[in-house]
Amino acid sequence: MGKTIVDCGIIKARNDNREYRRVVLENSLEALLVSDPDTDKCAASMDVGVGHFSDPPGIEGLAHFLEHMLFYASEKYPEEDSFDKYTSQHGGGTNALTGSDHTNYHFVANADCFEEALDRFSQFFVKPLMSSDAVKREIKAVDSEFQKNFLSDSWRIGQLRSHLSIEAHPYHKFGTGNRQTLEVQPKAKGIDIRQELIKFYEENYSANLMHLVVYGKVPLDKIQDLVVQKFNAISNDNRSCLHISGQPCSGEHLQVLVRAVPICDDHTLQVQWPIPRSIHHYKEIPCGYLTHLIGHEGEGSLFHALKRLGWATSLSAYESFADSNSSFFNVFIEMTDAGHEHMQDIVGLLFKYIDIINQSGIFEWIHDEIAAVSETMFHNQDKISPMSYVVSIASDMKLYPPKDWLVRSSLPSKFNPSITCAVLEKLSSRNLRIFWVSKNFEGETNMVEPWYATAYRVDKLTDSTIQEKLTKSYQNFKFDEPRFHASYYRSLILNDHSWPWEEDLEMLETLKPKDLSGFAPTMLSRAFLECWNIERNEAESIVHHIEDVFFNGTYPICKPALPSQLVTSRLITLDEGASYVYSTEGLNPNDENSALIHYIQVTALRELTKRELISFFHEHIRVGAPKRKVLSVRVYGNKHSSDLEADKNEAVGPNTVRIDDIFSFRASQPLYGSQRRGYEQMKVQSSSK
């Protein structure tokens, strides 16, 4: 029997009538057993924790080659390709795949063939047969697969992304292999590829690195007996998983624009940021939160704006695996011909959208909404084919604790905005790679990727390029929704230290890189640090750490700011009993929507009794209250342009002030004292429609 049988409370969907059991064999192989009384098939998937990242230098594709060879024959069943013939004759089939850090083997057959199919399958991992004749034939099969992929843009651009990374990092490798890497080059170096294949198998295919899922119609006890009987013979050499240190991209691979020529006549744009792999926070789903927002297609989303402009036909946001510790956050956009001509505008809108997420903050209600939808989908999922099911589970078993093998990331349960913010901070213009793919670049490239011969060129995104994109971001402000424009005008009217975006844009266009580098010493000569909305102990720890770096080192960066230099944050004071109105047309003449923000200004409240609160409401909040201070900001879209004219020509009441010039009004009003300087505190309440 197995060494350990653990009833670990594997979480399953409410409508799932299958039974599950985790078993750890004496050789440390970990297995999940699935009993489905309603199935007419049996299936199994063996996932081995080694992939093409472990290919020896100079023998690219060896792990993939072994995947082909292992399914060919075994000592117990020496007839070549007999397992594939057996499953085909009994209502099923076989397949396998090689990933960067794992290789998966799987089959499906009729349920009444369960025991023999499982025995044939197990022998590939007990004693595979790798004959010389099979080696020659399977090299041709691998090369044929490479030739098939040679004209696939997904493979070509994928390998280009890998090629543009640190050469010593496994992410840089060419994982498929071909005749050149598996026959021509080894033969030229006097390397026996069959011996290398056997050596790779013996050094990496250890039972402690394997995860097995077995799916059958029979009860769990019967499945367990068969699994123990047939898989306990796999050798356990206590091998370790490949340890990878460092990031796949260095500074030379970031802040780059890569233009590439595809096979298909498409225009695509992929913006990619290296980030820490989020699987370590699968309960908090930081990437899931951001992909939900950035990849959203509803009204007000980035894609909605791009589609209305006629620039994009699809947009997706997702995380892609780089290594055990690193990932890439990706935004992939299929562009129209017009979109191709406005690539920089699209990137500017993307960064504007990310900036909106940054400014808005991370909301628990969005996390809860994602969690609710994910939970509903998990508990109401349809059954998929047994082979697809076992592959999907086995491929991820090493990533999750056993109780979450079926759930994986489907039931996020922890809201932690700081983890999501940490990923969001990585989505900056200094940490990105842009892959711009179009046939229009034919004749404009100067390099060729070595494996798929993809023509490309790389341009560094210099300070001037980033300045240009930031300029585009400001210029694209007019494409924001009117509600954001209304919020902008409210801030411009009320905040003492605020400037119109047109002035920011004008200043930006005059700045040079030398201006920024020259300003850095001045900016860092004095510093003041404040922490808001975090726990006291955490705030003190952050402050002490930064003070040690800024002020207390051997070569301190700067000095503490003088009391007179502390930042003041003051708001315009509105008069009691007065209503202020600011009306303007929308910045985007093609947007028919309008927006209204109604702002009520009150001073900070102490704890009030119910009677005092009612009295306060009647004096300060209700319509017509004697001490009510109101600002109404109205932004009119083109559908309501006539209403704007009527609004401006309408006579105002005795207690209503129409704001025609924001800066003249701001100069005429007194200011509230700064919260940060210890003067009178105030509290702002705002509602928008």
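**Close-up views of a predicted model**

**View 1. Nonpolar cores of the predicted model.** Within the largest nonpolar core, which has 54 residues, Met46, Phe65, Tyr105, Phe121, Phe125 and Val227 touch the most other members. Another core lies apart from it and has 43 residues, including Leu269, Leu290, Leu302 and Leu461. A nonpolar core is a set of buried Ala, Val, Leu, Ile, Met, Phe, Trp, Tyr and Cys residues joined through side-chain atoms within 4.5 Å. Buried means under 20% relative accessible area, exposed over 50%, and partly exposed in between, with a 1.4 Å probe and protein chains only. The model is predicted: local features need pLDDT of at least 70 and side-chain atom pairs count only at pLDDT 80 or more, while totals for chains, interfaces and linings use all residues. Residues are numbered from 1 along each chain as its sequence is written, and side-chain values use heavy atoms, with hydrogens and water left out.

View 2. A search of the whole structure gives 30 aromatic pairs. One of them, Tyr282 with Tyr400, is edge-to-face, with 4.9 Å centre to centre and 90° between the planes. This pair links distant parts of the chain, 118 residues apart: Tyr282 is in the loop between strand 9 (267–276) and helix 9 (286–294), and Tyr400 is in the loop between helix 14 (386–394) and helix 15 (417–426). Tyr282 counts as buried because its relative accessibility is 13%, and Tyr400 counts as buried at 10%. Elsewhere, ring pairs join Phe71, Phe83, Tyr105, Phe107, Phe121, Phe124, Phe125, Tyr201, Tyr205 and Phe231 into a cluster. Rings of Phe, Tyr and Trp (its six-membered ring) pair if their centres lie within 6.5 Å; planes under 30 degrees apart count as stacked, over 60 as edge-to-face and the rest as tilted. Helices (H or I, at least four residues) and strands (E, at least two) are DSSP runs, numbered from the N terminus.

**View 3. Arginine side chains over tyrosine rings.** Arg18 lies over the face of Tyr389, 4.2 Å from the ring centre. The ring of Tyr86 has the charged end of Arg120 over it, at 4.7 Å from its centre. A charge sits over a ring if NZ of Lys or CZ of Arg is within 6 Å of the ring centre and within 35 degrees of the ring normal.

**View 4. Strand 11 and its two partners.** Strand 11 (residues 326–335) is largely enclosed by the rest of the structure, because eight of its ten residues are buried. Strand 9 runs antiparallel to strand 11 and is joined to it by ten bridges; Pro274 stands opposite Phe328 of strand 11. Strand 10 (residues 312–321) also pairs with strand 11 in the antiparallel sense, over nine bridges, and Leu315 has Ile333 of strand 11 as its bridge partner. Four residues separate strand 10 from strand 11 in the hairpin that they form. Two strands pair if DSSP finds at least two bridges between them.

**View 5. Surroundings of Ser45.** Ser45 belongs to strand 4 (residues 41–48) and is buried, with a relative accessible area of 0%. Its side chain makes a polar contact of 2.9 Å with the side chain of Asn104. A polar contact is a pair of N or O atoms within 3.5 Å; within protein, one must be able to donate a hydrogen and the other to accept it, and residues adjacent in sequence count only if both atoms are side-chain atoms. Beyond four places away in sequence, the residues that Ser45 touches include Tyr105, Phe121, His211 and Val390. Contact means heavy atoms within 4.5 Å.

**View 6. Trp405 in the loop between helix 14 and helix 15.** Trp405 lies in this loop and is buried, with a relative accessible area of 2%. The side chain of Trp405 reaches the backbone oxygen of Met397 at 3.1 Å, and a polar atom of that side chain lies 3.3 Å from the backbone oxygen of Tyr400. Ile393 is twelve residues from Trp405 in sequence and 6.5 Å from it in space, C-alpha to C-alpha. Among the residues that Trp405 touches are Ile10, Arg22, Glu30 and Leu32.

**View 7. Two loop residues with positive phi.** Most residues other than glycine have a negative phi. Ser28 has a positive phi, near 75°; Ser28 is in the loop between strand 2 (19–24) and strand 3 (30–35) and is partly exposed, with a relative accessible area of 26%. Gln255 has a positive phi near 55° and is found in the loop between helix 8 (220–231) and strand 8 (256–260). Gln255 is buried, at 16% relative accessible area.
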